[in-house]
Amino acid sequence: MNYQLTETPEGIALTLPSQVKWRAYQIDFGQGPLRYRFEHLQGRNELIAKAIGWKKGDSFQVFDTTAGLGREAFLLAALGCQVTLFERHTAIATLLKDGLQRAMTDPTLANIIERMKLIESCAIEYLNNNTLPDLPDVIYCDPMFEARTKSAAVKKEMQILQSVVGSDADASQLVEISLKFAKKRVVVKRAHAAPTLKSNPDLVFKARSHRFDVYIKT
Ligand SMILES: C[S@@+](CC[C@H](N)C(=O)[O-])C[C@H]1O[C@@H](n2cnc3c(N)ncnc32)[C@H](O)[C@@H]1O
């Protein structure tokens, strides 16, 4: 096993035995980079807000089909979206569930966390096998892609996702099914130079290291 989950008094922590620079990782929405991002949220000027077509006051229903460590779902919930998070890898879902439970006890975060509902399942299977009472306005996909570098400069979070999850070979299938179920749009996060998962996005929003390919439902 290339990772280990440990129950500590402070919550569930993940370690990578190969990693010596840091000891254990926990999802903590109330501290560090996640807290910073939340406190400096720029509303509709956030690139992800532009990509999902959000404007002040919108409370979109969003399916985040690739929840991972919950960072983007948290931003979307902080904007006011109702976010259903899908995570199919058991270890990542365990970390995320623990992070959400701890954040619920923080009065400064509880109203945001209440808007985040985790479903431990493959989103493709879930969409194929369930009748949805309401279709989501937006479906967001941020699948793993082949690591281009194993350099030590890769961020801790990416090292974890690369070591634990690896790559998501069915990413194109995920985008395809998302297009059937989203009411307004499907947003796909890709690495800066990665090929599209479906040709001809209607809009592209570019950041330095990544971009959002947007497919609009007509
Ligand atoms: C690149 S990470 C997402 C990172 C995430 N956006 C964040 O903010 O931390 C991709 C995650 O999506 C999960 N995933 C990929 N395809 C999935 C699917 N079809 N259903 C559920 N989870 C999926 C992977 O297990 C992995 O944890």
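The following legends describe close-up views of a predicted model.

Residue numbers start from 1 along each chain as its sequence is written.

**View 1. The chain as a whole.** Its secondary structure comes to eight helices and nine strands (DSSP runs numbered from the N terminus: helices, H or I, at least four residues; strands, E, at least two). The radius of gyration is 17 Å, close to the 17 Å of the globule rule for 218 residues, so the chain is as compact as a globular protein of that length (computed over C-alpha atoms; the rule is 2.2 Å times the number of residues to the power 0.38).

**View 2. The hairpin of strands 1 and 2.** Two residues separate strand 1 from strand 2 in this hairpin. Strand 1 (residues 4-8) pairs with strand 2 (residues 11-15) in the antiparallel sense over five bridges (pairing requires at least two DSSP bridges). Threonine 6 lies opposite alanine 13 of strand 2.

**View 3. The surroundings of the ligand.** The ligand is surrounded by 22 residues, the closest being Thr66, Gly68, Leu69, Arg71 and Arg88 (C-beta atom, placed from the backbone, within 6 Å). Helix 3 (71-79) and helix 6 (123-129) are the elements that give two or more residues to this shell.

**View 4. Helix 3 and its end.** Seven of the nine residues of helix 3 are buried, among them Phe74, Leu76 and Leu79 (20 or more other C-beta atoms within 10 Å of the residue's own, with C-beta atoms placed from the backbone). Glycine 80, with a positive phi near 115 degrees, follows helix 3.

Technical notes. This is a predicted model: local features need pLDDT of at least 70, side-chain atom pairs count only at pLDDT 80 or more; totals for chains, interfaces and linings use all residues. A residue is buried if 20 or more other C-beta atoms lie within 10 Å of its own, exposed if 12 or fewer, and partly exposed in between; C-beta atoms are placed from the backbone.
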